[in-house]
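Subject: Handing over a structure, with notes

Dear colleague,

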Amino acid sequence: MRVVVKVGTSTLAYPTGCLNIRHVELLVKTLSDLKNAGNEIVLVSSGAIGMGIGRLSLDGRPQDMPTKQAAASVGQCELMYTYDKLFGEYNHTVAQILLTGSDFSHDDRRENFQNTMFRLIELGVIPVVNENDTIATEEISVGDNDTLAAMTACSVKADLLVLLSDIDGLYTEDPHKNPQAKLIPLVMEITPKIEELAQGAGSGLGTGGMATKIHAAQIAMEQGVDMVIANGAKPRVLYDIVQGRQAGTRFQSRRDC
């Protein structure tokens, strides 16, 4: 199975911007084990700006573009160093892929991206994909890594897309406000009601939220890719997801209908 896993800033880093070592180590161990079992893994990783904020001792997420891009350039180095070191402990090689919206919208660039990704996967490498925040501007930005993950999953013809977030999945109401809210295990279609349930912002260091995840689900489902939203604080949930057991919220693509 070819699986694209997206991990958000809230999973990788504490609100301080410093690395959440426990979460990252368990994530890498689980992904390495899934790859050892014969699965092909692509990791879409947020966290460059968040980790740059911690490294530069900034008070919060920068509002101006130059500082945001500076934080991204510093944080991306730390992010890839961490992945290279941890995956290397399990004898897996990683490759850095930095993208902007133009790499999907221009035919030649999209083809080059796909050819590179397919060859990396053939060579047994784990591509680590992120938006190129150091150069991305509003005009060429994908905007959020949930959308980037969906576009990547479609481009590499993935069997499954998993978005690891700071919540167990999509609920009937905001579980932070109503403890009686119930997890929705399966979504067959993105309806206006589903879109209403997705309103709300993401973490202080990240750019996503449930709304971007629903948008990602729509992209994936239309291209025949199943998607699951699950809690990134519990990376072992990936075993259940890959094996088709109930975990988080699964958005079933038209391919399965």
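Which are the buried residues of helix 3? Before the reply, a word on how to read these notes: this is a predicted model, in which local features need pLDDT of at least 70 and side-chain atom pairs count only at pLDDT 80 or more, while totals for chains, interfaces and linings use all residues. Residues are numbered from 1 along each chain as its sequence is written, and side-chain values use heavy atoms, with hydrogens and water left out.

The buried residues of helix 3 are A48, I49, G50, M51, G52 and I53, where buried means under 20% relative accessible area, exposed means over 50%, and partly exposed lies in between (1.4 Å probe, protein chains only). After helix 3 comes S57, whose phi is positive, near 60°.

The pairing with helix 4 can be described through the axes, which are lines fitted to C-alpha atoms, for helices over the stretch in contact, with angles that run from 0 to 180 degrees between N-to-C directions. The axes of helix 3 (residues 48-55) and helix 4 (residues 65-88) come within 6 Å and cross at roughly 100°. That makes helix 3 roughly perpendicular to helix 4, given that angles of 65 to 115 degrees count as roughly perpendicular, those under 35 as roughly parallel, those over 145 as roughly antiparallel and the rest as oblique.

On the helix 3 side, A48, I49, M51, G52, I53 and R55 take part, and they meet K68, A71, A72, V74, G75, Q76, E78, L79 and T82 in helix 4; contact means heavy atoms within 4.5 Å. By class, this contact of helix 3 with helix 4 has 8 nonpolar, 4 polar and 3 charged residues. In that scheme Ala, Val, Leu, Ile, Met, Phe, Trp, Tyr, Cys and Pro count as nonpolar, Asp, Glu, Lys and Arg as charged, and the others, Gly among them, as polar.

**Salt bridges**

Side chains of opposite charge can pair when their charged atoms come close. The structure holds 10 salt bridges, a salt bridge being a side-chain nitrogen of Lys or Arg within 4 Å of a carboxyl oxygen of Asp or Glu.

One of them joins D146 and K213, whose closest N and O atoms are 3.1 Å apart. D146 lies in helix 7 (residues 145-155) and K213 in helix 9 (residues 210-222), so the pair ties together parts that are 67 residues apart in sequence. Both D146 and K213 are buried, and salt bridges that share partners join K6, D146 and K213 into one network. For K213 the relative accessibility is 5%. Leaving aside neighbours within four places in sequence, K213 is in contact with K6, D146, L163, S165, M227 and I229.

Another salt bridge links the side chains of D103 and R109 (3.1 Å, N to O). D103 lies in helix 5 (residues 102-105) and is buried, with a relative accessible area of 13%, whereas R109 is partly exposed at 37%. A polar atom of the D103 side chain also lies 2.8 Å from the backbone nitrogen of T100.

K85 forms a salt bridge with E89, with the closest N and O atoms 3.4 Å apart, and K85 is partly exposed, with a relative accessible area of 42%.

**S253**

Is S253 buried or exposed? S253, found in the segment after strand 8 (249-251), is buried, with a relative accessible area of 0%. Its side chain makes a polar contact with the side chain of D226 (2.8 Å). A polar contact is a pair of N or O atoms within 3.5 Å; within protein, one must be able to donate a hydrogen and the other to accept it, and residues adjacent in sequence count only if both atoms are side-chain atoms. The backbone oxygen of G224 lies 3.4 Å from a polar atom of the side chain of S253. Leaving aside neighbours within four places in sequence, S253 is in contact with M221, G224, V225 and D226.

Terms used: Helix = DSSP H or I, 4+ residues; strand = E, 2+ residues; numbered from the N terminus.
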